[in-house]
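The stops below are meant to be selected in order.

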Amino acid sequence: MIYVNNQEHTDARINLAIEEHLLRNYRVDEDILLFYINAPSIIIGRNQNTLEEINLPYVEEHNITVVRRLSGGGAVYHDLGNLNFSFISNSGRENIHNFKKFTAPVVKVLNDMGVPAELSGRNDILVDGRKISGNAQYISGQRMVSHGTLLFNSDLSVVSESLQVKDSKINSKGIKSIRSRVANISEFIPVPMDTLAFREKIKLGILAEGSNSEYMLTPQDWESINQISADRYQQWSWNFGRSPEFNMQKCERFPIGEIDLRINVSEGVIKQIRFFGDYLGLQDVGEIEKRLVGEQFNQAAISKALEPVDLHAYFGDINKDDFIRFICY
């Protein structure tokens, strides 16, 4: 495994660009391990409607950076008490949607530190039923990223203030607030430490087995990273985008997560369609949207348009018939 040092950058727009650069441009067959800690920021899932996920007045008042990532899943709050880990590896069938493979080394280190952590559900790490980590993936060609958060000593009051909690998520999970579901790892560690010391423990634990090396980012790497950051992660069009007008909105929670559908139909034909939500798709859902624009708004036409499509790559393990029913009825 190759460990990459992010040189203590805390700008989420730079750290996500480092991750993307390593995925697309650093050609190796080995797995890569990257850690980063972000200053206060909200990281939006690729398929989410930003303005519906954040408390914009609070976010602006507290100068919280908002940036969209390339992976699916839900919005998360980062601050200097949150450690982010990223594994970059080959995108074989044994790795895609296999969150257990990538979280197992982290869970083992936490267990060795006396934290009774375990992978639960589709992509969360819990301690005593409370969430300390969420994970997501995305792919590019033959390589993929599996990354996650580790709430170590975050300000949980800001988590609940900065994010909007949808009623569907509250009702489906029987929760009262985000804050009641999450916990800081520092609550469970017998020996007090700061976030940097915690990062070192996790790093050494993961790298303890097998042969490893460290890669230092070069000036050429940084040129690419800064360009990616400027072209994508610093752009309003990427992080917020323009939410188009739709004449129909539907929202439903599936086992793979919530799908929020916005659709504009004129004279029986789909003119615009967008999918938002916290589902954990690997491919760009925009490809599905393009395929459906121009189709008649009925079950037969939509079924035919989606016939050659593997929806699992875009939404996770969803039944195609259920998906078509959701759109049409």
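This is a predicted model: local features need pLDDT of at least 70, side-chain atom pairs count only at pLDDT 80 or more; totals for chains, interfaces and linings use all residues.

Residues are numbered from 1 along each chain as its sequence is written, and side-chain values use heavy atoms, with hydrogens and water left out.

**Stop 1: the largest nonpolar core**

Select L110, L150, I185, F198 and I202. Of the 29 residues in the largest nonpolar core, these five touch the most other members. A nonpolar core here is a set of buried Ala, Val, Leu, Ile, Met, Phe, Trp, Tyr and Cys residues joined through side-chain atoms within 4.5 Å. Buried means under 20% relative accessible area, exposed means over 50%, and partly exposed lies in between (1.4 Å probe, protein chains only).

Next, colour the elements that give two or more residues to this core: β2 (32-36), β6 (82-90), α4 (99-112), β8 (124-127), β10 (143-151) and α8 (195-206). Helices (H or I, at least four residues) and strands (E, at least two) are DSSP runs, numbered from the N terminus. The top contributor is α4, with five residues. In soluble globular proteins, nonpolar side chains tend to be buried together.

Centre on I185. Leaving aside neighbours within four places in sequence, I185 is in contact (heavy atoms within 4.5 Å) with L110, V115, I132, L150, L151, F152 and F198.

**Stop 2: D128**

Move to D128, in the loop between β8 and β9 (130-140). Is D128 buried or exposed? With a relative accessible area of 60%, D128 is exposed. Beyond four places in sequence, D128 is in contact with P116 and F188. Draw a C-alpha to C-alpha distance from D128 to A183: the two are 9.3 Å apart in space and 55 residues apart in sequence.

**Stop 3**

Select N6, in the loop between β1 (2-4) and α1 (12-25). N6 counts as buried, at 3% relative accessibility. Which groups does the side chain of N6 reach? One is the backbone oxygen of H9, at 3.0 Å. Another is the side chain of N15, with which N6 makes a polar contact at 2.9 Å. A polar contact is a pair of N or O atoms within 3.5 Å; within protein, one must be able to donate a hydrogen and the other to accept it, and residues adjacent in sequence count only if both atoms are side-chain atoms. Not counting residues up to four places away in sequence, N6 touches N15, I18, L34, F35, Y36 and W222.

Then select S41, in strand β3 (residues 41-44). S41 is buried at 1% relative accessibility, and its side chain reaches the backbone oxygen of A39 at 3.0 Å. With residues up to four places away set aside, S41 touches A12, I64, T65, V76, Y77 and H78.

**Stop 4**

Rings of Phe, Tyr and Trp (its six-membered ring) pair if their centres lie within 6.5 Å; planes under 30 degrees apart count as stacked, over 60 as edge-to-face and the rest as tilted. By this rule the count comes to 11 aromatic pairs.

Show F254 and F326, an edge-to-face pair with 5.5 Å between centres and 85° between planes. F254 is in strand β12 (residues 248-254) and F326 in helix α14 (residues 320-328), 72 residues apart. F254 is buried at 9% relative accessibility, and F326 is buried at 2%.

F275 lies in strand β14 (residues 269-277) and F323 in helix α14, 48 residues apart. F275 is buried at 1%, and F323 is buried at 0%. F275 and F323 belong to one aromatic cluster with Y279 and F315.

**Stop 5: charges over rings**

A charge sits over a ring if NZ of Lys or CZ of Arg is within 6 Å of the ring centre and within 35 degrees of the ring normal. Select K250, which lies over the face of F326 at 5.5 Å from the ring centre. Then select R232, over the face of Y233 at 5.9 Å.

**Stop 6: cysteines**

Finish with C251 and C328. The whole structure has zero disulfides (pairs of cysteine sulfur atoms within 2.5 Å). The cysteine sulfur closest to that of C251 is in C328, 17 Å away and too far for a bond. C251 is partly exposed, at 42% relative accessible area, whereas C328 is buried at 17%.
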